[in-house]
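Here are my notes for a first look at this one. Have the model open while you read, and take the points in order.

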Amino acid sequence: MVPSTRRGVSAWPPAQPRSTSQAWAPVYLAVSDQDRALAFYRDVLGFEVRTDTEFGEGFRWIEVAPAGAYTVIALVPPTGEGDPQPGGNAPFGFDTPNLEAAMAEFSSRGLEFEDVMGGEGPVPPMAYFRDPDGNRVLLVEETAR
């Protein structure tokens, strides 16, 4: 892993999900199989399992997050027709201090990336990967803030 210059974390997992909202509530991600999603986010991406509990009748609540992150990702199956469905763009992305190093590490774990975009002018390099449900997640090389 390539050391980061901020907070002493490695190139992955990133320190904080990038979201369009600064809320502290969970970010919801539609998944079709919670066990498969949990295995991917925990075992492939190395996320912490913050909550994995059953409540109500047949309802399971799972939250995962990169180590040290404030915002958690709730891995939830759709419960109705109007709910978001698996396979779209995830409502979040992640920073990494070195996109090339993170992509190399995760590619060695079987993760496939789309072509790198950006990297010119003010647009940082970035690439999408997909989780087992086909949700597209963006990985962005962090820039000075």
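1. First, some bookkeeping. Helices (H or I, at least four residues) and strands (E, at least two) are DSSP runs, numbered from the N terminus. This is a predicted model, where local features need pLDDT of at least 70 and side-chain atom pairs count only at pLDDT 80 or more, while totals for chains, interfaces and linings use all residues. Residues are numbered from 1 along each chain as its sequence is written, and side-chain values use heavy atoms, with hydrogens and water left out.

2. Start with the open sheet. Four strands make it up, in the order E2-E5-E4-E3, with mixed pairing; two strands pair if DSSP finds at least two bridges between them. E2 and strand E3 (48-55) each have a single partner strand, so they stand at the edges and one side of each has no neighbour in the sheet. From one strand to the next, the twist averages 25°; axes are lines fitted to C-alpha atoms, for helices over the stretch in contact, and angles run from 0 to 180 degrees between N-to-C directions.

3. Now look at E3 and E4, which pair in the antiparallel sense over seven bridges. Asp52 has Ile62 as its bridge partner in E4. H1 packs on the sheet and touches E2, E3, E4 and E5, and its direction makes about 15° with that of E4. Contact here means heavy atoms within 4.5 Å.

4. Beyond four places in sequence, the contacts of Glu63 include Pro26, Glu48, Arg50 and Ile73.

5. The largest nonpolar core has 27 residues, and Tyr41, Leu45 and Leu75 have the most contacts inside it. Such a core is a set of buried Ala, Val, Leu, Ile, Met, Phe, Trp, Tyr and Cys residues joined through side-chain atoms within 4.5 Å. H1 gives the largest share, five residues. Leaving aside neighbours within four places in sequence, Leu75 touches Leu29, Ala37, Tyr41 and Ile62, among others.

6. Asp33 sits in the loop between E2 and H1, and counts as partly exposed at 32% relative accessibility. Polar atoms of its side chain lie 3.0 Å from the backbone nitrogen of Asp35 and 2.9 Å from that of Arg36.

7. Finally, helix H2 (residues 99-107). Leu99, Ala102, Met103, Glu105 and Phe106 are buried there. They span an arc of only 165° around the axis, which puts them on the same side of H2; the arc is that of the directions from the helix axis to the C-beta atoms. These buried residues pack against helix H1 (34-44), E6, strand E7 (126-130) and E8. Asn98 caps the N-terminal end of H2, with a side-chain oxygen 3.1 Å from the backbone nitrogen of Glu100.

Conventions: Buried means under 20% relative accessible area, exposed over 50%, partly exposed in between (1.4 Å probe, protein chains only). A polar contact is a pair of N or O atoms within 3.5 Å; within protein, one must be able to donate a hydrogen and the other to accept it, and residues adjacent in sequence count only if both atoms are side-chain atoms.
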